[in-house]
Structure formats: C-alpha cells, structure tokens
Amino acid sequence: MDNEFDVIVIGGGPAGLTAGIYLSRAKIKTIILNEGVFGGQVSLTHEVANYPGIENISGYQLSRTMKKQAESFGCTVKSNIKVTGFELDGEIKKVFVNETEIYYAKSIILATGGKSRTIGVPGEEKFKGMGISYCATCDGDFFQDKNIIVVGGGNSALEEAVSLTKYASTVTVVHQFDYFQAFESAIGEAKSNSKISFIMESEIQEFHGEQSLKGVTIKNMRTGELTEKEIDGAFILIGYVPSTEKIKGMIELNDRNEIITDDSLLTSTPGVFAAGDSREKRYRQITTAVSDGTIAALGAIEFIEKKKETVLV
Ligand SMILES: Cc1cc2nc3c(=O)[nH]c(=O)nc-3n(C[C@H](O)[C@H](O)[C@H](O)COP(=O)(O)OP(=O)(O)OC[C@H]3O[C@@H](n4cnc5c(N)ncnc54)[C@H](O)[C@@H]3O)c2cc1C
C-alpha cells in the first residue's frame, strides 16, 4: 500500500534527510513528510560553514544533494504538505496529512527542527543574512574586523559575544534588562573582555541599511531615549523555539518544549525517535543534526527488526 511504511520521518532538514538515507539504504520502506520546502533551516544560508569535506556550497545545494541521495535509495520525500495530527501510541503509528490522508508506520522519527527567536522589529526580515545572523558559530568569521552588536542577555548571548571577539573589532551587547540571565562565569568572562561593551535596559527599535545592514536604533526602556548606532552586523541570540507544538502531550518534552531522548534518541514513546534541533541538546549545527539522523535511523532499524512479525492494518 502507498500509505504503509516501515518508518515515517517527520521533517526534511539535515536530520530527517540523513535518517532517510540510512533507512532506505538498509531497504527499510521510508517516507519523509516535510512541511514547507525540504532542506529546513540550512536552506536559508547562502554559504554553509563547518560542514567537513565540503566547501563553497549553499544551504539549498547541500539539502538538494542530501534529498537526491535519499531518493536514489528509494526513499519517498513529500514536501509542502501539512501534518495535521499524530497517533503515536500502539504498534502501528499514524500520521494525518492534509486533512484527508493517513500514513501508517512501525516507527516514527521526529526531525521537525525549529526556529531562532526573532525580535520582530522593522528591518529584521530585510537584513536577515545581509548583516543579521542568528548563529555565531555559522557566521562569526564573516565579521572580521567589523563592529557588531549581540542582542540578548542569556548564557548563549554572552558566550557567543566572547567568541565573536575572535573576529570583530568591537562587540556591543544590547540587553533589555539591567541584569543578565546567565551564569556568573559567562557574565564575568564577557565583562572582562576589552572588546565587549554593554547597553543595558535597552531594546532594538529598528535595523537600517540599503543592500546590507548599516545601523540600528536603540531605545532606552527606562528613559525612552533613542540612540542611533552604526554597525556592520547584528547577532540576535535570544533563544530558540523547537517545532514540537503538534506532539505536545504525546511524548515527554522539557520546559523549553524540546523533545527528551535517551542516548539512542528514543523518546518516551516506544518506536518514536527524535533527531536534530527539535530535541534537547546543547549545540545545534548541521553536523549534530546529521549525527542525530544517523543514530535515530539505526535505532529505528533495530526497533523494527525486533518487531518483524507486526502486520500493518
Ligand atoms: C540562517 C541559518 C544559517 C545556518 N548556517 C549553518 C551553517 O552554516 N552550518 C551549520 O552547521 N549550521 C547552520 N545552521 C544551523 C543548522 O541549519 C541547523 O542546526 C540544522 O538545519 C538543523 O537540522 P534539523 O533537520 O534538525 O532541523 P531543520 O533544519 O529545522 O529542519 C526541520 C524541517 O522540518 C519541517 N517541519 C517542522 N515541523 C513539521 C511538521 N509538523 N511536519 C512536517 N515537517 C515539519 C520544517 O519545515 C523543516 O523543513 C544555520 C541555521 C540558520 C537558521
């Protein structure tokens, strides 16, 4: 049957596509169901950084190659669909798509990724990738000898502000409160770095520029005063939102709504694995996503082999 699979992978980013490659190559009947265009977050970047063995490649090209590789082993990839619901309990899992279709499988891999939190001010959308970044590890070295700001006051904002001083001439941290929500060690390291300065109790009002980002308007939340600042780049590091709203209540999530897994990436529900940025983890990169995709696929294969006698409905 066209709607019966061994494994359904939810999400067609690097984690899901890698799982698709491993599963299909092992002759496990697999479908990847992806909302939107395949490729996930990485398809937004014009130049992939830190992916071993490949240089000068866009996110779109890398994703397209991963998709072709999965399809060459017989994996079905469906994009631009809408997943409307799940039934994850029981031997046979169900995924409801586009209100009318139901897909069945013995195992599910959740690889739904997520999104960086945005500020939502004028200019942010326009200068994404043109001076505004949400990933210091990915884009830091594009700002060699530049003047940049970091928006945020948590651990990752302060840690990344310090790491960005390897490249930038100056790093100004703009934070909305008069205190940081970070460990003392991270605060101490940032404060003792001579390249870092702080603008506290302040929020970004607008990003400006022509082709690329050139400046920012900052509002002091206590006095209401507006300041214009010339900058070459802005890193917005105010948190991450995993795409897990549709499985909430079905599997265990942490207080940030990230999927909790064990070492084999099994979730709290038997036969349901999670891979990539949607799960609880410290570092979110393509390499960590493809590693997760591999582990989850191998876990799903082992799970299915143990249940070989299961007959689909
Ligand atoms: C602008 C940008 C640039 C980056 N550059 C780099 C870089 O250069 N190097 C690097 O290592 N990392 C980079 N990263 C990080 C990297 O892209 C992510 O860590 C990686 O894409 C995570 O892969 P993933 O498969 O877990 O999730 P994602 O890439 O988020 O993919 C998840 C997919 O699942 C789909 N989906 C979500 N919910 C559902 C649902 N309910 N049903 C079906 N499908 C669903 C989404 O539409 C998406 O296609 C960058 C991130 C961004 C935002």
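Helices here are DSSP runs of H or I with at least four residues, numbered from the N terminus. The model is predicted.

**View 1. Residues around the ligand.** The shell around the ligand holds 31 residues, and N34, E35, Q41, A49 and D277 come nearest. Two helices, α1 (14-25) and α7 (286-306), each supply at least two residues of this shell. By class, the shell divides into 13 nonpolar, 13 polar and 5 charged residues.

View 2. Which side chain places an N or O atom 2.8 Å from an oxygen atom of the ligand? The side chain belongs to Q41. The backbone takes part too. A polar backbone atom of D277 lies 2.8 Å from a ligand oxygen. For I286, a polar backbone atom is 2.9 Å from an oxygen atom of the ligand. Taken alone, the ligand exposes 1000 Å², and the protein buries 90% of that.

**View 3. The parallel sheet.** Five strands form an open sheet with parallel pairing. Their order is β8-β15-β9-β10-β11. The edges are β8 (132-133) and β11 (196-199). Each edge strand has a single partner, so one side of each is left without a neighbour in the sheet. Strand β10, residues 170-174, pairs with β11 in the parallel sense over 4 bridges. Within this sheet, V174 has I199 of β11 as its bridge partner.

View 4. Helix α5 spans residues 155-164. Which strands does helix α5 lie across? They are β9 (147-151), β10, β11 and β15 (233-236). The helix runs at about 165° to β9.

**View 5. The antiparallel sheet.** Three strands form a second open sheet, in the order β12-β13-β14. Here the pairing is antiparallel. Strands β12 (202-209) and β14 (226-230) stand at the edges. Why is one side of each edge strand left without a neighbour in the sheet? Because β12 and β14 each have a single partner strand. Neighbouring strands of this sheet are turned by 25° against each other on average, direction ignored.

**View 6. The β12-β13 hairpin.** A hairpin of 3 residues joins β12 to β13. Strand β13 covers residues 213-220 and runs antiparallel to β12, with 7 bridges between them.

**View 7. F303 and its contacts.** F303 sits in helix α7. This helix also supplies at least two residues of the shell around the ligand. Which residues does F303 contact, leaving aside neighbours within four places in sequence? They are K106, S107, P270, G271 and F273. V272 is 31 residues from F303 along the chain, and their C-alpha atoms are separated by 9.6 Å.

Key. Residues are numbered from 1 along each chain as its sequence is written. This is a predicted model: local features need pLDDT of at least 70, side-chain atom pairs count only at pLDDT 80 or more; totals for chains, interfaces and linings use all residues. Side-chain values use heavy atoms; hydrogens and water are left out. A residue is near a molecule or strand if one of its heavy atoms lies within 4 Å of it. A polar contact is a pair of N or O atoms within 3.5 Å; within protein, one must be able to donate a hydrogen and the other to accept it, and residues adjacent in sequence count only if both atoms are side-chain atoms. Accessible areas come from the Shrake-Rupley method with a 1.4 Å probe; for residues, only the protein chains shown count as cover. Ala, Val, Leu, Ile, Met, Phe, Trp, Tyr, Cys and Pro count as nonpolar, Asp, Glu, Lys and Arg as charged, and the others, Gly among them, as polar. Two strands pair if DSSP finds at least two bridges between them. Contact means heavy atoms within 4.5 Å. Axes are lines fitted to C-alpha atoms, for helices over the stretch in contact, and angles run from 0 to 180 degrees between N-to-C directions.
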